[in-house]
Amino acid sequence: MQNIKEYVEANKQRFLDELFDLLRLPSVSADPKFKGDVQKTAEFVAQKLRDAGADKVEVCATAGNPIVYGEKIIDPSLPTVLTYGHYDVQPADPYELWDTPPFEPTIRDGKIYARGSADDKGQFYMHVKAFEYMMKNNALACNIKFMIEGEEEVGSVNLGTFVKENTERLKADVIVISDTSMISMAQPSLETGLRGLSYVEVEVTGPNRDLHSGVYGGAVANPATILAKLIASLHDENNHIAIPGFYDDVVELTDEERKALNEAPFDIEEYKSDLGIQNIWGEKGYTTLERTGIRPTLEVNGIWGGYIGEGAKTVLPSKANAKISMRLVPNQNSERITELFKKHFEGIAPDYVKVEVKPHHGGEPVVTPTDSVAYKAAEKALHETFGVKPIPTRGGGSIPIVALFEDVLGLKTVLLGFGLDSDNLHSPNEKYGIENYLMGISTIPLFHKYYAELSK
């Protein structure tokens, strides 16, 4: 442990400089105008893997953005760890809400502010630097493979094809992902489950063109008003999702499991203060930790229609749209939920508008075992680095490819995340603690060490 800390401290500035160079590349996968930057980012990651000592490094073309692959096989008899991460990032819009430019990393109060700093560039790059340490110090205890993709933020559109076509190349004993969060730096945790996802876009169409709201208002249905009413009807008075069949497959936790989940440290007043809200909201009968970990949700991610420019324009819009995501829990299926939503939403539409539901992407919920060799190795590594035994938690987010890996490669995943829920993921002013970054680099070699030892 002392050797790792000394190495990290001696190379701290270089590690930060390299991460800053990576963060300056605007690898936004959702917007085609950043296509060239996405390619540059893949090439940057490939070069850093080569510099760290990886073999067979390749920028693998797909029908979309490239996947970076690299490996170091030191002994076929040793266990192999497949490290997954993603170099693409969410759009930075709205730019005006950032205190500093999103692609010019800035340090404030020990935090790195930049788009992708926590999700997921800062976190996957920890593995590259940990690998560098292990190579330079003859401390590589396992074979390592890297698969860093560029489409996670748009649903990993082409990853499934790549995985299915490269099952031999991707053979491993476990997958490790750092794209999740911990409770705090004082109390580390390991996420043991992730929610699935169903993402759709809805469009409500009224008249065949935008109309004068004075001439036609009150006589023609306003798509924006109808859309708002339809969305409002998706939750009942208990904030329960009001789509028939939505909860049919939900696995209910036992009282003992719910009790254990709620033993994680959580300060509701601090939570409200951090978010600037007066009170919490959610499904009746469940705590905040349960609402964000073990219960399905339905949220509007964006809504638009009509005139939203400066000043006034008295218009009755022809169309109104919304993007809606549903987070799913075991044993819900994303395709079934998408179909239930589509049938319900289009079915409740009044005849004075037309409604269309367009499915985008989805993924399945997963639960990872806490009695596996890999989990125990991660637990020991975090305990040694932080001095505190990590608590198992359930994550509210989704990493759809975790279920894909289990289905196609037959591999379980360890979610070894070092972010915090307060890191403003997908929001303006995303940040990642310098301490989190460096502690991650220090912890990852220990995971490999203990995984090799416990696998014997």
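1. The model is predicted: local features need pLDDT of at least 70, side-chain atom pairs count only at pLDDT 80 or more, and totals for chains, interfaces and linings use all residues. Residues are numbered from 1 along each chain as its sequence is written, and side-chain values use heavy atoms, with hydrogens and water left out.

2. The chain is divided into domain 1 (4-194 + 365-455) and domain 2 (196-250 + 296-363), with bounds from an automatic or database domain assignment. Their C-alpha centres lie 35 Å apart. Nine residues of domain 1 are in contact with 10 residues of domain 2, contact meaning heavy atoms within 4.5 Å. The second largest pocket lies between the two domains, because both give residues to its lining.

3. Strand S16 supplies the largest share of the lining of the second largest pocket, five residues. Helices (H or I, at least four residues) and strands (E, at least two) are DSSP runs numbered from the N terminus. The lining residues comprise seven nonpolar, 10 polar and two charged; Ala, Val, Leu, Ile, Met, Phe, Trp, Tyr, Cys and Pro count as nonpolar, Asp, Glu, Lys and Arg as charged, and the others, Gly among them, as polar.

4. Gly363 lies in S16 and is buried, with a relative accessible area of 6%; buried means under 20%, exposed over 50%, and partly exposed in between (1.4 Å probe, protein chains only). Leaving aside neighbours within four places in sequence, Gly363 is in contact with Gly196, Leu197, Leu328, Ser334 and Pro400. Gly363 and Asn333 are 30 residues apart in sequence and 8.1 Å apart in space, C-alpha to C-alpha.

5. The largest nonpolar core has 65 residues, and Leu416, Tyr437 and Phe447 have the most contacts inside it. Such a core is a set of buried Ala, Val, Leu, Ile, Met, Phe, Trp, Tyr and Cys residues joined through side-chain atoms within 4.5 Å. Helix H13 (434-454) is among the contributing elements; H13 gives the most to this core, with 11 residues. A second, separate core of 28 residues includes Ile231, Ala322, Met326 and Val357.
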